[in-house]
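Trainee: I have the sequence and the model open, and I'd like to learn how to read it. Can we go through it feature by feature?

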Amino acid sequence: MSELKRTQLYNAHLAAGATMVDFGGWEMPIQYPSGIVAEHLYTRHFCSLFDVSHMGRLLIEGPARVAFLQHVLSSNVQALDINEAQYCIIPNAEGGAIDDAYLYRFEADRYLLVVNAANTEKDLVHLREQIKAFDCTLTDISADYASIAVQGPKSREMLEKLSGGVQLTELVKNALGTVEMEGRTVRLAKTGYTGEPLGYEVFIKSEDAEWMWNRLLELDARPAGLGARDTLRMEAMLPLYGHEMGVDAEGKEIPIFSVPLAKFAVSFAPQKGDFIGREPLARQYEAFQKIQNRIYEGTELLPRRMMPITLIDRGVMRKDMPIYRGEKLVGYVTSGTMVPYYVAEGEGMATAYTDETAKRALGLCLIDADIQTDDIVYVDIRGKRIKAVIPRFHMSVMAPPYARPILYTPPVQGKPADGTGYRAEALELIKKAAENHLWRQKQCINLIPSENTPSRAVQMLCASDPAFRYAEHKKIAAFYDNEVFYYQGTKFIEHVEELLVEQMRQYLGATEVETRVISGQMSNTAVFSSLMDFKNRNNRKVNPQRLGYILHNHIAKGGHLSAQPMGALHDYVAVDPVTERNAVVPFPVLPENHYKIDVEETKKVIDQYRPEFIVFGKSMVLHKEPVREIRQFVDQMGLQTTIMYDMAHVLGLVGDYFQKPFEEGAEIVTGSTHKTFFGPQRGIVGVNYKPEDLKWNLWKTIESRAFPGSVSNHHLGTQLGLLMAAYEMNTFKDEYQRNIIENAKHFAKCLKAEGLDVAGDPAISYTETHQVIVNVGYALGYDVAERLEANGIIVNYQATPEEESFTASGALRMGVSEMTRFGFTKDDFAKLASIMADCIVRGKDVTEEVRKLRSEHTEMKYCFNDEAFNETLGSLMGILGV
Amino acid sequence: MAIPNELRYTKSHEWIKEEDGVAVIGITDFAQNALGDVVFINLPEAGDEVVAGESFGDVESVKAVSDLLSPVSGIVQAVNEELIDAPEMLNSDPYGAWIIKVEQINDREELLDADDYEALCAEEG
């Protein structure tokens with residue numbers, strides 16, 4: 001093996017007892033003494049180190065670097081921002097793959113391309129030939145830098161120990177970062193070839209490679225070889241050149257679009273222009289789209305596609321084994337082996353992994369395009385036909401911190417209901433509903449910040465007759481914009497809505513209010529739809545343009561679904577043709593406090609993106625939003641940007657103790673009426689437009705996007721209840737709002753004093769809202785929330801801005817509104833803080849303490865409660881039969 | 001690496017122990033080490049005929065499949081069913097985890113004693 005090349009970590013592998021093999025001309029560890037199975041499992045539950053220094057690292061610099069890369073790669077290089085990476089393919093002129101690769105942009109003016117070890121020489125020949133036509137350079141820096149893949153749920157924790165707690169990269173896949181680690185500069189990419197949701201590839205100077213390897217071993221990472229790398233990538237359904245790409249079992253070139261990742265790796269963006277293989281790839285893409293629509297005529301370019309495959313009967317698949325459906329040869333296994341996994345117990349968020357392990361025979365295949373998920377096929381394993389199936393996937397990466405194995409289960413047929421015997425079930429339902437009502441209203445301590453309990457008067461009004469009626473209405477210009485109602489019997493309801501609009505106008509300080517939207521999310525949808533309509537009002541003859549850029553709070557930094565492309569923005573946000581991604585940009589947050597918008601950085605973002613729409617507001621909210629500062633800046637810049645404040649969480653705090661959105665410069669306020677605002681569950685839109693304003697027609701559009709755009713029936717029962725809640729709020733808000741803020745600050749301070757890790761800025765007593773956030777440890781949020789619930793305290797488990805997903809939640813999100821409404825004072829919150837610490841920190845059963853504290857507070861405050869009022873309410877209750 | 005003295009060995013790394021006309025057959029420590037983690041085994045059934053030098057089954061490791069070659073010709077008396085669910089026993093206890101027992105033996109491969117087998121392993125290792 002003396003001619004084989006060795007990586008910077010060769011000695012480290014020998015020291016660890018690795019079995020070394022020839023891999024593409026490199027002497028590499030196939031496994032270490034613990035074996036492939038143990039290495040695979042350790043990666044999935046802890047963290048493994050893979051020496052990937054054998055891969056080719058090529059630096060591209062010079063004025064024409066982007067043009068060159070656009071020409072030789074399949075991806076849209078211009079879409080790549082600084083500190084981002086992208087998967088790409090190096091296509092040949094025929095639409096096949098010379099190699100697949102990853103492109104990294106750590107700096108503005110240079111790109112790092114990482115290619116497969118065995119293909120490096122071939123790639124270099126190709127790229128050096130192509131680069132002649134471009135004013136840029138290609139340097140092979142493979143010898144100067146080593147790379148180590150650090151993969152597994154503990155990878156971030158371990159690397160952050162070396163960075164002294166400094167954040168490595170943004171939490172999203174393909175994010176990059178450059179960090180100092182114990183005096184050495186380390187470049188990190190949140191990428192990998194294991195499918196781990198937490199995994200990094202680290203680039204480090206060759207002379208520092210052993211240092212990094214050994215430091216991570218000291219932190220309990222273990223080395224893993226090429227064997228585990230292969231089983232891990234197979235389970236993650238990631239293609240390997242030479243298996244799923246390159247040449248197939250019949251010796252034919254595999255078209256790039258046979259591999260599902262091609263969808264992401266190939267771009268036909270206009271600014272990319274022509275590139276090597278574009279024309280055949282465009283034809284493949286056409287065939288690909290047909291196949292996705294289950295049309296198989298004219299798809300000869302893509303006879304087969306890559307799919308996962310798993311054995312139902314016993315055996316092990318290997319590369320090139322034929323696959324049959326009936327007597328017809330339908331494809332070949334491209335990769336296959338037996339892969340271990342940890343056996344899970346429990347369901348959903350309560351899923352827990354045991355120490356028990358098992359194995360399953362899985363692989364990847366190139367199979368006829370008309371074969372679908374759940375189809376049964378047979379693999380010819382050395383002459384025997386073994387039953388197999390095409391599963392949806394082998395594994396899911398969507399629930400960090402773990403990559404979760406998905407074992408194949410056949411589709412189940414639901415049993416049709418027999419339609420009899422429901423009386424007993426109906427009775428049971430009544431009993432259960434009564435128990436639930438009693439528990440949530442009188443026995444448990446509810447700290448969900450997005451909830452509240454409406455007063456008895458509100459509850460009764462919600463249940464009264466309007467709950468069963470219709471009252472569609474619309475302003476009609478022919479009648480001087482008077483409301484015309486389309487139903488009879490609605491005079492009372494009509495009056496109620498007029499009064500409600502007036503109360504809410506007064507409360508918000510708005511010129512106009514729309515109350516027909518029945519949720520906060522619907523309020524936003526109606527506004528987004530109106531903005532888009534307003535944008536396109538001067539040309540109705542073409543497809544309307546969507547909105548963009550939009551400045552919003554990212555969901556990972558406390559933003560809510562109702563202002564995300566995956567939520568309410570979905571149908572209204574444009575795709576930026578340059579990045580080929582949604583035209584949204586998040587508010588920058590302060591490095592030392594991810595809950596707070598960084599105003600100065602935001603100004604730079606506004607200057608760069610010129611957003612047409614800015615949405616303030618979030619669901620994890622500790623601070624006031626900088627509406628005034630941003631309004632001033634936008635005006636100063638002379639932008640027509642529309643500024644909206646989604647006050648869903650904080651609608652009940654509008655006023656002296658929190659924010660006055662319209663005074664500060666918002667044009668539109670949306671919200672839900674049942675969080676800090678203690679009404680029934682509805683939405684609201686308020687604006688400050690006047691008839692003489694340019695955007696007055698935007699307000700008119702908002703009205704029509706409420707009705708007939710969003711609702712026909714606008715839930716008249718809760719609209720009636722909301723009017724009562726609005727009377728209560730306008731009467732008691734001063735006392736209520738002051739107490740909410742004081743209680744929240746005091747609760748936060750007491751929790752801190754009890755030894756809990758309270759998030760936020762101690763200088764402002766952690767919060768300026770009703771919310772308090774407590775960190776309980778990475779991925780432990782759900783368990784702690786469950787334990788609290790078992791003891792009678794209801795909280796949200798919540799991912800902080802430092803966590804990848806709700807499945808990795810490490811915090812509790814709490815609000816003081818409902819308990820304040822039931823009369824909790826600062827002293828009560830101090831008691832509650834101590835009870836919670838007993839439960840969370842000291843593991844005590846606090847059921848009795850919770851019950852006692854709660855039982856002292858069952859009478860609703862901040863509502864009308866005098867004798868005469870209660871007498872009249874009593875007669876309504878009598879009529880309702882309560 | 002263990003090479004017990006009382007066993008005989010094939011060049012293809014099976015071990016064999018003959019007692020009272022019955023041959024107990026397994027794979028050696030060297031073999032399991034070279035294979036890596038064994039994840040699957042294909043076994044014959046009792047009553048099947050096996051032929052010296054020919055395959056009577058196979059073992060699959062994560063990396064690859066290997067034929068099991070019979071050191072003797074005869075009839076399978078018993079197979080170690082435990083291995084079906086726990087093939088990793090071939091890694092953890094190669095000389096305890098026998099694979100098949102063969103009776104009515106009528107032919108044999110050339111077998112090595114422990115010393116010769118050790119020399120063979122040294123050569124291949």
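Mentor: Start with one pair of residues: Ile323(A) stands opposite Val379(A) in β18(A). Before going on, know that this is a predicted model, where local features need pLDDT of at least 70 and side-chain atom pairs count only at pLDDT 80 or more, while totals for chains, interfaces and linings use all residues; side-chain values use heavy atoms, with hydrogens and water left out. Residues are numbered from 1 along each chain as its sequence is written, and chains are lettered from A and ligands numbered from 1 in the order in which they are written.

Trainee: In which sense do β15 and β18 of chain A pair, and over how many bridges?

Mentor: In general, strands of a sheet pair through backbone hydrogen bonds, either parallel or antiparallel. Here β15 (residues 322-325) and β18 (residues 376-381) of chain A pair in the antiparallel sense, over two bridges. Two strands pair if DSSP finds at least two bridges between them, and the labels are DSSP runs numbered from the N terminus: helices are H or I with at least four residues, strands E with at least two.

Trainee: Which strands close into a barrel, and in what order?

Mentor: Six of them in chain A, in the order β14-β17-β16-β15-β18-β19, with antiparallel pairing. From one strand to the next, the twist averages 45°. Helix α2 (residues 36-45) of chain A lies across β16 (328-345) and β17 (352-368), running at about 65° to β16(A).

Trainee: What about helix pairs: at what angle do α13(A) and α17(A) pack?

Mentor: First, how the angle is defined: axes are lines fitted to C-alpha atoms, for helices over the stretch in contact, and angles run from 0 to 180 degrees between N-to-C directions. Under 35 degrees counts as roughly parallel, over 145 as roughly antiparallel, 65 to 115 as roughly perpendicular and the rest as oblique. Helix α13 (residues 520-535) and helix α17 (residues 696-706) of chain A pack at about 130°, with their axes 8 Å apart, so α13(A) and α17(A) are oblique to each other. The residues that meet include Leu531(A) and Phe534(A) in α13(A), and Leu698(A) and Ile702(A) in α17(A); contact means heavy atoms within 4.5 Å.

Trainee: And how are α11(A) and α18(A) oriented to each other?

Mentor: The axes of α11 (residues 456-463) and α18 (residues 716-753) of chain A come within 7 Å and cross at roughly 160°, so the two helices are roughly antiparallel. Among the residues making the contact are Leu461(A) of α11(A) and Met724(A) of α18(A).

Trainee: Zooming out, how is chain A divided into domains?

Mentor: Domain bounds come from an automatic or database domain assignment. In chain A that gives domain 1 (10-235), domain 2 (303-396), domain 3 (467-726) and domain 4 (733-855). The C-alpha centres of domains 1 and 3 of chain A lie 45 Å apart, and six residues of domain 1 are in contact with seven of domain 3.

Trainee: Where is Asp20(B) found?

Mentor: In the loop between β2 (14-19) and β3 (22-27) of chain B. Phi of Asp20(B) is near 50°, a positive value in a residue other than glycine.
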